Amino acid sequence: MKNLKKIAALAVSIIMILSFSGCQTVSDSLDEKTSSDSSVHNHSDNANGTIKDGIYTTDDYSIKLGSDWQKTDDTTNSNIAMFGHGENSYSNINIRIECLNQSSEFNIEQYKELTAEQFNSLDGYKVTKTTDAEIDGKKAFKIYIDMNSGESKMKMIQSYIVSNEDVYVYSFLTSSKEYKKMKSEAEEILNSFKFAN
């Protein structure tokens, strides 16, 4: 079980590496180039939102986690909010914000395919399914991933919600043993995601 916590920490690190860090533009990454003149805009400090009555709120969004989820301080990145599920669970959720480049048209299908390809290119990661979704009236997609490291097996659902200049990435990670029990709760939490504006 101790190894699963290490695997979970490693998986979160890889998720952050795969993310298009900070407000680097997603469309630039799709074009495999970087722009020194990218459109950058400000967000509230995603990691410093408040929790009241099981609802996590920032200036940009709110999400109903419930009382079993606690905010963790496992990252210094202000664009990532992280939550753990109790002391005896390996389930965690993180939410990060990626900025889009306003100067070029964003193709959500291309972004979904690129993201799935990136995960499939990692040793021990396998995308098992991708689905389109709508969350709080916005276009979204979900990627379901199996992760293996030695004897440790993990599962992840990563959801990408597109809103104007941003993509909000909701990641749920758990052990394979907890997945069946936790999946519906993770999906319910995702469906509670509401934009502030």
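K183 counts as partly exposed, because its relative accessibility is 28%. In this predicted model, K183 forms a salt bridge with E187. Both residues lie in helix α4, four residues apart, about one turn of the helix.

E187 has another partner. Its side chain meets that of K142 in a salt bridge. This pair links distant parts of the chain: K142 sits in strand β8 and E187 in helix α4, 45 residues apart. E187 counts as buried, at 12% relative accessibility. K142 is buried too, with a relative accessible area of 11%.

A further salt bridge joins E109 and K112. These two lie in helix α3 (residues 108–120), three residues apart. E109 is partly exposed at 35% relative accessibility, whereas K112 is buried at 9%. Shared partners join E109, K112 and D132 into one network of salt bridges. The count comes to six salt bridges, including these:

| Salt bridge | N to O distance |
|---|---|
| K183 and E187 | 3.7 Å |
| K142 and E187 | 2.7 Å |
| E109 and K112 | 3.2 Å |

Now the sheet. Seven strands form an open sheet in the order β4-β5-β6-β10-β9-β8-β7, with antiparallel pairing. β4 (69–72) and β7 (125–135) each have a single partner strand, so one side of each is left without a neighbour in the sheet. Neighbouring strands are turned by 20° against each other on average, direction ignored.

β7 pairs with β8 (residues 138–149) over 10 bridges, in the antiparallel sense. There, T131 stands opposite K142 in β8. Helix α4 (residues 176–191) packs on the sheet, and its direction makes about 150° with that of β10.

Definitions and conventions. Residues numbered from 1 in each chain as written. Predicted model: local features only at pLDDT ≥ 70, side-chain atom pairs only at ≥ 80, totals over all residues. Heavy atoms only, no water. Pairing = 2+ DSSP bridges. Axes fitted to C-alpha atoms, helices over the stretch in contact; angles between N-to-C directions. Contact = heavy atoms within 4.5 Å. Salt bridge = Lys/Arg side-chain N within 4 Å of Asp/Glu carboxyl O. Buried < 20%, exposed > 50% of the residue type's maximum accessible area, 1.4 Å probe, protein only.
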